[in-house]
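User: Could you show me how to read contacts, a sheet and a pocket in a protein model? I would like the general idea and then the case at hand.

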Amino acid sequence: MSLRRTPPEPVQVIKRRRDATLRALVDGVPYIRFLGIQFERRGDELTGILPFDEKLIGNPMLPAIHGGVTAAFLEVTAIITLSWSYLWEDVESGAIDSASLENGLPRLPKTIDFMTDYLRSGLPRDAYARARINRSGRRYASVHVEAWQDNRQRLFAQATGHFLMPASRD
């Protein structure tokens, strides 16, 4: 009796699949491209990055990042993080590959409600955000997001959102 193990998939292939999936998620939403939001991936953890641009300023007298941009940045980070978590098993197993991304990704979660706390003015600098999924089930998810600029301990905004999860892919 011979036991044959399939060799593990090369890490470059897995990383390429992860990057392609994340790029498809982000590029699939035109508003994300308009704001210039990017995501940095470390394993299964994502950090949203909002590079500073003059068009993001809402009050030129301060100057401060527009509150709508701040809320959108937090909501986008929550939705992409939630989608990334939702797709993670399929990306890792190879059920999602580059060819399937051309046919489109599964639908994104829909926002039920989203409450933003503006803690201080967003300065004319790059901003960062990370989301923490408090609960994620088949139909509903609750996510908390925090945003900062120069110091991770000095948040300039935070938010909590509830989302309707897309129908099962089965």
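User: Leaving aside neighbours within four places in sequence, which residues is Ala131 in contact with?

Analyst: Contact means heavy atoms within 4.5 Å. By that test, Ala131 touches Thr77, Ala78, Thr81, Val143, His144 and Val145. This is a predicted model: local features need pLDDT of at least 70, side-chain atom pairs count only at pLDDT 80 or more, and totals for chains, interfaces and linings use all residues. Residues are numbered from 1 along each chain as its sequence is written, and side-chain values use heavy atoms, leaving out hydrogens and water.

User: Where does Ala131 lie, and what is its bridge partner in β7?

Analyst: Strands of a sheet pair through backbone hydrogen bonds, either parallel or antiparallel. Ala131 lies in strand β6 (residues 127-136); strands are DSSP runs (E, at least two residues), helices likewise (H or I, at least four), numbered from the N terminus. Its bridge partner in β7 is Val145. β6 and β7 (residues 140-148) pair in the antiparallel sense over eight bridges, where pairing needs at least two DSSP bridges.

User: What is the order of the strands in the open sheet?

Analyst: The six strands run β1-β2-β6-β7-β8-β5, with antiparallel pairing. The edge strands, β1 and β5 (110-118), each pair on one side only.

User: Which residues line the second largest pocket?

Analyst: Rolling a probe the size of a water molecule over the atoms shows where empty space is left. Here a pocket is an open set of points on a 1 Å grid over the protein atoms alone, where a 1.4 Å probe fits, with protein on both sides within 12 Å along at least five of seven lines; lining residues have an atom within 4 Å of a point. The lining includes Asp19, Arg23, Phe39 and Arg41. The largest share, five residues, comes from α1.
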